[in-house]
Amino acid sequence: MADSFTLPLRPILEKRDRPDTLPVEIAQINNQWGSFREVNEDVLRNKIAEEEEKDGLDEVDESDQDATDPDSTERVEQLYKRRAEITQFAMQAHMETMFALDFVSLLLSKQTPRQAETSMSAFLKQVAPLGSLNAEVVNPPPKPESTTKDIAAVSRGWRIQNFNAAANKLLQAASRLETEVASETRYWNEVLAVKDKGWKVSRLPREKQALGVQYGFLEATPVFRDRGLASLRRAEDGALSLDEGLIPTKARYVRVRVIQDGRLSGSSKPTRSTFDGDGTIEDRILQARDTVYEEELFYELVREARAIASFGVTTRQNLIRIPASDDLEILLDLVDTDENTSQPEYDISQQGTFLAEGLAHTIRILLAYSHRQNLRRRTLLPPPLTPKTRSIPEHQLIRPALAYIKHMSDVRWLQSLLKDLFGVLKSANLKPSAYTARVFSTEKQRQTSSAPTVETLVGQFLTPMLSTFNGNILTPRGSFSIAIHTNLSSPPFGTTFDVSFNMPKYPDLESPGKLSHREEVEAAITHLLLLDVVFTISSNNNSPKSEHDKDEAKRTWEAIYPQHGELLLLPSKSEKQKKMKIVLSRHELSLEIYTVRCIDGTGRGKCEHPSYNSMPHTWKPPPIAGFPNQPSLMEFVSTQVPR
Amino acid sequence: MHEQSLFASVPVHQHHELLQQLAGLTAMQPRHCLERRLIFKAYRKPGLAGRTGASQDLQQGDLQRLNKMLNGNMYYTQVIGPVSELDFGSTAPVDHDTQMAGMDDSKPSGSPSPSSYDYERQPWKLEFRDIPEAGTRSAVTSRLMSSATLPRGDVVQAMNAWGYHFTTEYVVEGDMFIHNDIAIFLHRVLHYPGDESSLPRRQLPALKDMTLFEKSGSYVLQAFIIVQDGSNQETMKTASQHLFGLREQLKSAVLLEQADRLSLDTRAK
């Protein structure tokens, strides 16, 4: 490095005029070793032996030290001894320095008494009055020329040495500065690169010298908002490193798992792959941001899960278990992104994965929405200050998603119920008109001027969900409608089915209104359709028959207990009364003929006897239908009317 | 309710910079506000004062309170109505008959069409401010306040019925920031061009025709907290401490201080 500098800092070494002459060296040897005359073999041998002995001693010393491995107490003692020695030396040095200081002070006190007094020891001040020591320049006796020449040579040597040392220092400093500049340049370039990417770079509030990058979310819960700031440190070589403090730098994410029928059927994937320490600074910032977001998400999920424990949601330290609907269960947990997710693949269904991924996205979108709501709330004119602190309501993250799942499950159930029932009716060749389903028929909210479209969109998802089913029945002008409301945000929680009928034939039939159990709904609808079938039978064999045969006009099935599905054939001359019982369920429609002995045929129970050829006649929807050439219900009914 | 506030004067050249500083401090974009302010003066209805007939049912304390109310100080009050920039210099809306009934409800108030100002649909708010409390040791301006929403449209009749005369009106233009509990309002007062009228204007002149009340165009920075219960010393203290905290934070930009008590006197003499 030093070579790259061309600064002429080093002193130019003059070539000596001539090397030391031989006489000089001889004189030196004479001085050092004595005269050559005294050198003989014995002296040299002695010298060699002496030196060997010295070396040997040293070696012995070393080997001794190695051999006698002092145990700990000895070592401690030795340590103390050495320390005492060091202290002693230090104190001695200190004392000598103090003496020197006193001496110089006393000497100077002649010239500058005020300044010198400050550095004098108290003892000296007592003993010697100020200015009692003086120094004078004494003319030294003239030195011989050789001495002056020596002094000149020595001082020249000193100077050169010092110049060299100074030059070395300067060059070292220069090279150090150069590396420093290079690494600073790199650091600032990287900081600028970060800033150019659009990250907010600022000074740290606590550590004014350091730079920080803000990647967190301003509207997050304060704990997580404050964590969204990391300092940008400079490594030794100027590389930028992100210092997030005490937070684990591991990337984590909220994993959504869907358990169907007790088996894992889907799991969400991390949104971003991890970086194994060699990612760019941008990647690191992104990862830190994601992790902060995920951790906040989980924190809020747990907070909300506790609030909705009444829905059966349970929380453990790192797991939220949500029973969603039927056999569906959802698990939420916070895991490392690089956690080995080697799950048995055979259980994973595409639908489960879709659900898990969808849920994962939903809760993240909802958290972002809550952030926006926080901003809105924060920038409103604050309400008057009261001693009570306002608690922050839990964000709606799980509830809307859960409501959606529950709602969809209920809608599907109702759809399948209606499909089954209408299938049964169709198999009996009754022709019910189709029903219409409007899933998510929630009215569109009026577009408020201030909220952006995205927020309105998400806001709609948070409103209670509504689906409606409308349909006509066999009875003319008869209809039914079912509205399914699902609301988990405000009481009453859960799903309600609002069932209403319109049966002109039975005007006093009241609509069941709001029902919350599926069994009740099934019973209500089945009952309605049963009434419908009974009414159809009783009305159907009215009209055509009367035209066909006047005599048979009276012989019609009359709905006697429509709510039980019972019809009565009015008695003719000698015949016994006949009774028809219809049972409708979502699986089948069955019909049985009884003979009744009671007089008016209205009695039930004991006096009923299954008729001679009566076998309950059943109609089932096509897949299970056993008898392809079954007569339709109406045909069957008309055959039962004796002519 | 009590209002605690601190004030500062902001010269016009500092305005833009301060807006940015406040936006940074409060982490929000300034909310631009334009407000019509009508000043009403209370007057004593002739014959009402001192008459306390049919008072046999009243308790002594109630009687005193009633007397105090009837004979006490009279105050000026303000009626504030938010307006938008589009309302200025616009024409009156088209005839109501040509509009379909119920149309107004479906649209945000005040702007049935982009360039018309409908005085009849102007929302109003009544704001009462007492004279600041005297002799408080705290270095903030603290005063009793109250506000109430008024019916839309013409308020003069209602106010007359309550014993208030319309005095004058002006417009306040400014930006609002919220910093935790503190509302920060950086505003200035605009006067209407032309003569004083005896009734509130039904149309607003163009904004550029409005004249500045303070000729240099400087702004007033008001930071205030509203406290629900003024008798609760604890909350009052918290509020003033929050204000002092803000004063410290803004120290290098503006100097927030207590206002002169008598300059905020709302009593009608």
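1. A word on contacts before we start: two residues are in contact if their C-beta atoms, placed from the backbone, lie within 7 Å. This is a predicted model, in which local features need pLDDT of at least 70 and side-chain atom pairs count only at pLDDT 80 or more, while totals for chains, interfaces and linings use all residues. Residues are numbered from 1 along each chain as its sequence is written, with chains lettered from A and ligands numbered from 1 in the order in which they are written.

2. Let me take the interface to begin with. Chain B brings 17 residues into contact with 10 residues of chain A. On the chain B side, the elements that give two or more residues are strand S9 (219-227) and helix H5 (233-249) of chain B; helices (H or I, at least four residues) and strands (E, at least two) are DSSP runs, numbered from the N terminus. H5(B) makes the largest contribution to this side, 4 residues. By class, the chain B side has 10 nonpolar, 4 polar and 3 charged residues. Here Ala, Val, Leu, Ile, Met, Phe, Trp, Tyr, Cys and Pro count as nonpolar, Asp, Glu, Lys and Arg as charged, and the others, Gly among them, as polar.

3. Now chain A as a whole. You will find 14 helices and 20 strands in chain A. Of its 643 residues, 23% count as buried, a label that requires 20 or more other C-beta atoms within 10 Å of a residue's own, C-beta atoms being placed from the backbone. Among contacts in chain A between residues at least 6 apart in sequence, 57% join residues at least 24 apart.

4. Next, the cores. A nonpolar core is a set of buried Ala, Val, Leu, Ile, Met, Phe, Trp, Tyr and Cys residues joined through C-beta atoms within 7 Å. The largest one has 46 residues, of which A:Leu301, A:Leu359, A:Ile363 and A:Leu402 touch the most other members. Elements of chain A that each supply at least two residues of this core include helix H8 (281-307), helix H9 (350-378) and helix H10 (398-427). Beyond its neighbours within four places in sequence, A:Ile363 is in contact with A:Leu297, A:Leu301, A:Leu397 and A:Ala401. A second, separate core of 42 residues includes A:Phe422, A:Ile473, A:Ile484 and A:Leu528.

5. How are H8(A) and H9(A) oriented to each other? Their axes are 11 Å apart and the packing angle is about 90 degrees, so the two helices are roughly perpendicular, a term for angles of 65 to 115 degrees. Axes are lines fitted to C-alpha atoms, for helices over the stretch in contact, and angles run from 0 to 180 degrees between N-to-C directions. A:Leu297, A:Glu300 and A:Leu301 in H8(A) meet A:Ile363, A:Arg364 and A:Leu367 in H9(A). The residues of this contact divide into 4 nonpolar, no polar and 2 charged.

6. One sheet of chain A is open, with 4 strands in the order S1-S2-S3-S4 and antiparallel pairing; strands pair if DSSP finds at least two bridges between them. S1 and strand S4 (240-243) of chain A stand at the edges with a single partner strand each, so one side of each has no neighbour in the sheet. Strand S1 (residues 200-203) and strand S2 (residues 211-214) of chain A are joined over 4 bridges, with A:Ser202 opposite A:Gly212. S2(A) and S3(A) also pair over 4 bridges; in S3(A), A:Leu232 is the partner of A:Leu211 and A:Ala230 that of A:Val213. H8(A) lies across S2, S3 and S4 of chain A, at about 10 degrees to S4(A).

7. Another open sheet of chain A has 5 strands in the order S6-S5-S9-S8-S7, again antiparallel. H8(A) lies across S5, S7, S8 and S9 of chain A, running at about 45 degrees to S5(A). H10(A) packs on the sheet as well, touching S8 and S9 of chain A, and its direction makes about 30 degrees with that of S8(A).

8. Finally, do look at B:Thr26, which lies in helix H1 (residues 12-26) of chain B. B:Thr26 has 20 other C-beta atoms within 10 Å and is therefore buried. Leaving out residues up to four places away in sequence, B:Thr26 touches B:Phe177, B:Ile178 and B:His179. B:Thr26 and B:Ile178 are 152 residues apart in sequence but 6.4 Å apart in space, C-alpha to C-alpha.

Methods: A residue is buried if 20 or more other C-beta atoms lie within 10 Å of its own, exposed if 12 or fewer, and partly exposed in between; C-beta atoms are placed from the backbone. Angles under 35 degrees count as roughly parallel, over 145 as roughly antiparallel, 65 to 115 as roughly perpendicular and the rest as oblique.
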